[in-house]
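Subject: Structure handover

Hello,

The structure you asked for is below. My notes on it follow; please read them with the model open.

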Amino acid sequence: MISGGPSPLRGAGVDELKVHWCSPLDSGQQKASEKYQAGTLDFDGIVDFAREADALGVDSLLMGISYHMPDPLPMIGALVRATERVKFILAYRPGLLSPTLFTQVVNTVSWMSDGRISLNLVAGISPAEQAFYGDFLAHDDRHARSNEFLDICHRLWRGETPLSYRGEHYRIEEAQLGLGYKGGGRPDIYISGASGVAQQTAVDHADCWLRYGDTPEGIAKAAEPLLAQGCRVGIRMHVLSRDTRAEALAALEEMMRDPDEEHRKWVSDFVSTSDSEAVKTSFRLADQAGDDWLSPMLWSGAVAYRGGPALCVVGSHEEVAEYLFRYKAAGVSEFIFSGWPTRDEMRNFYTHVLPLIREHERNAVPA
């Protein structure tokens, strides 16, 4: 048993935690300390990965976005036709497409997939990378643009057409779309970011605030104001479990053997120019960790190589399930996980850990 942290939530068994996974969009990483595998696309392997996620019962696959990866939009268009049940969370940045065109694309995918698409809108974490795409807005201005972008998308999904809009960042005249979202309504929307403006965007325009990991106590404190305003809270992090804690720690040690220090330096340089509060917070947490451990279960040693998502829950299957259930008491309703290698860890998690989490939920004392 693990001591400390919030007590299990009364009534926590009423709603099941949603558990998503992060799909590889490159050739896939075998170790946390390797440099990014860019420059190739094993699409057949990604299709096979998505089909296994479908069979395992993964809620959704996050399709990330960055300059070093293939673009997620065409990938999702193909993957929804190769799968049956799993949903896809499209990570995208306002500013790359007009809101009218973006809504049109999402609506199209909703018909191709029977509504199996959600959105993770991110304002961007690197001014240098944003400049690659011709975007030179500062941090708060990017979030202001995101608010306008989402306002327009919501209006189009509500059927407010023809739509004219004049804002600081967008001007639209008499916009009309012939194809609405399948079944009416709109996709589920996740907003990432730790800054106050990102949190307000989540409250105003999204269903779930998505953030990088922390201890259950840290998450509970950060989540409280958003939960009070009706916004769900999700965590993006990593997980590593084995039959015993000793085996998990041995796997962790092996994974970090012979780290690529040039890649670590590259990540450090990237972070030094980032204007993302989420990125900076995750690195501050890692710096504060004693011997790379924020708690007996939460390991930060890969953050220096992989950034904020790499904060990792490590232990036996039972320990990991119990610790993750504590986040539910802190107000978390969903997770997006990754692992190393990510396909092996996905199979391991959904086979061994998720059934134990469901058992915790069934045994929770009703309110």
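A residue is called buried here when its relative accessible area is under 20%, exposed when it is over 50%, and partly exposed in between, using a 1.4 Å probe and protein chains only. The model is predicted, so local features need pLDDT of at least 70 and side-chain atom pairs count only at pLDDT 80 or more, while totals for chains, interfaces and linings use all residues. Residues are numbered from 1 along each chain as its sequence is written, and side-chain values use heavy atoms, with hydrogens and water left out.

Overall build

The chain has 13 helices and 13 strands. Both are DSSP runs numbered from the N terminus: helices are H or I with at least four residues, strands are E with at least two. The radius of gyration is 20 Å, close to the 21 Å from the globule rule for 367 residues, so the chain is as compact as a globular protein of that length. That radius is taken over C-alpha atoms, and the globule rule is 2.2 Å times the number of residues to the power 0.38. The C-alpha trace spans about 65 × 50 × 40 Å along its principal axes.

Of the 367 residues, 54% count as buried. A contact means heavy atoms within 4.5 Å. Among contacts between residues at least 6 apart in sequence, 75% join residues at least 24 apart.

Aromatic pairs

Rings of Phe, Tyr and Trp (its six-membered ring) are paired if their centres lie within 6.5 Å; planes under 30 degrees apart are stacked, over 60 edge-to-face, and the rest tilted. The structure holds 12 such pairs.

One of them joins Phe102 and Phe149, a tilted pair with 5.3 Å centre to centre and 55° between the planes. Phe102 sits in helix H3 (residues 99-113) and Phe149 in helix H5 (residues 139-157), so this pair links distant parts of the chain, 47 residues apart. Phe102 is buried at 1% relative accessible area, and Phe149 is buried at 2%.

Another tilted pair is Phe337 with Phe349, at 5.0 Å centre to centre and 50° between the planes. Phe337 belongs to strand S13 (residues 334-338) and Phe349 to helix H13 (residues 342-363), so the pair ties together parts 12 residues apart in sequence. Phe337 is buried, with 0% relative accessibility, and Phe349 is buried with a relative accessible area of 0%. Phe337 and Phe349 also belong to one aromatic cluster with Trp21, Tyr323, Tyr327, Phe335 and Tyr350.

Helix H13 also holds Arg358. Arg358 counts as buried, at 14% relative accessible area. Leaving aside residues up to four places away in sequence, Arg358 touches Glu16 and Leu17.

Cavities

Rolling a probe the size of a water molecule over the atoms shows where empty space is left. On a 1 Å grid over the protein atoms alone, a cavity is a set of points where a 1.4 Å probe fits but cannot get out, and its lining residues have an atom within 4 Å of a point. Grid points are joined across faces, edges and corners, and a volume is the space filled by probe spheres set on the points. By this rule there are 4 cavities of 30 Å³ or more.

Backbone points to check

- The peptide bond from Thr161 to Pro162 is cis, with omega near 0°; Pro162 is in the loop between H5 and strand S5 (163-166).
- Trp340 and Pro341 are joined by a cis peptide bond, with omega about -20°; Pro341 is in the loop between S13 and H13.
- Asp114 is not a glycine, yet has a positive phi of about 60°. Asp114 lies in the loop between H3 and strand S4 (117-121) and is exposed, at 57% relative accessibility.
- Asp292, also not a glycine, has a positive phi of about 75°. Asp292 lies in the loop between H10 and strand S10 (293-295) and is partly exposed, at 37%.

Regards

Note on methods. On a 1 Å grid over the protein atoms alone, a cavity is a set of points where a 1.4 Å probe fits but cannot get out, and a pocket is an open set with protein on both sides within 12 Å along at least five of seven lines; lining residues have an atom within 4 Å of a point.
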